[in-house]
Amino acid sequence: ADLRYPLERVYYVGDAGTDVQQGKAAGVKTIGVTWGFQSRERLEQERPDYLVHSPEELANMPSFMWI
């Protein structure tokens with residue numbers, strides 16, 4: 001909100017279940033990445049909007065824009 005960027009275009013990317021929880025609490029879409037801290041199974045328990053398995057897959061997501 002401080003950046004005046006629409007929340008529907010914001011993604012919270014993280015490698016832990018708590019990252020997914022925090023993104024949901026902030027009202028943004030969540031992306032769990034499986035190459036980091038916690039297992040795929042743990043991330044799936046938090047039900048992220050997307051689950052990706054490589055940095056390339058993340059970078060190639062449709063309508064994903066780095067800021």
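Tyr11 stands opposite Lys29 in strand 2. Four bridges join strand 1 to strand 2, which covers residues 29–33, and the two strands run parallel. This is a predicted model.

Three strands form an open sheet in the order 1-2-3, and their pairing is parallel. Strand 1 (11–14) and strand 3 (50–52) are the edge strands, each pairing on one side only. Direction ignored, neighbouring strands of this sheet are turned by 20 degrees against each other on average. In a regular strand the side chains alternate between the two faces of the sheet.

Helix 1 comes next. Residues 17–26 make up helix 1, which packs on the sheet and touches strand 1 and strand 2. The direction of helix 1 makes about 170 degrees with that of strand 1.

Which residues of helix 1 are buried? They are Gly17, Asp19, Val20 and Gly23. These residues cover an arc of only 160 degrees around the axis, so they lie on the same side of helix 1. An α-helix has 3.6 residues a turn, so residues three or four places apart point the same way. The buried residues of helix 1 pack against strand 1, strand 2 and helix 2 (40–45). After helix 1 comes Gly27, with a positive phi near 80 degrees.

Back to strand 2. Four of its five residues are buried, and strand 2 is mostly covered. Thr30 lies in this strand. Is Thr30 buried or exposed? Its relative accessibility is 0%, and buried means under 20%, so Thr30 counts as buried. What is Thr30 in contact with, leaving aside its neighbours within four places in sequence? The list is Tyr12, Val20, Gly23, Lys24, Pro48, Asp49 and Tyr50. Two of these names have already come up: Val20 and Gly23 are among the buried residues of helix 1.

Where does Arg47 lie? Its place is the loop between helix 2 and strand 3. Arg47 is exposed, because its relative accessible area is 65% and the cut-off for exposed is over 50%. Its backbone also deserves a look. Most residues other than glycine have a negative phi, and most peptide bonds are trans. Arg47 is not a glycine, yet its phi is positive, near 55 degrees.

Finally, take the chain as a whole. The protein chain has three helices and three strands. From the N terminus on, its elements run β-α-β-α-β-α. The radius of gyration of the protein chain is 12 Å, close to the 11 Å that the globule rule gives for 67 residues, so the chain is as compact as a globular protein of that length. Along the principal axes, its C-alpha atoms fill a box of roughly 35 × 25 × 15 Å.

Of the 67 residues, 28% count as buried. The protein chain exposes about 4,700 Å², and carbon and sulfur atoms supply 52% of that area. Contacts can also be sorted by sequence separation. Among contacts in the protein chain with a separation of 6 or more, 24% are between residues 24 or more positions apart.

Terms used. Residues numbered from 1 in each chain as written. Predicted model: local features only at pLDDT ≥ 70, side-chain atom pairs only at ≥ 80, totals over all residues. Heavy atoms only, no water. Pairing = 2+ DSSP bridges. Axes fitted to C-alpha atoms, helices over the stretch in contact; angles between N-to-C directions. Contact = heavy atoms within 4.5 Å. Rg over C-alpha atoms; globule rule 2.2 N^0.38 Å. Buried < 20%, exposed > 50% of the residue type's maximum accessible area, 1.4 Å probe, protein only. Areas by Shrake-Rupley, 256 points an atom, 1.4 Å probe, with all protein chains shown as cover. Arc of directions from axis to C-beta.
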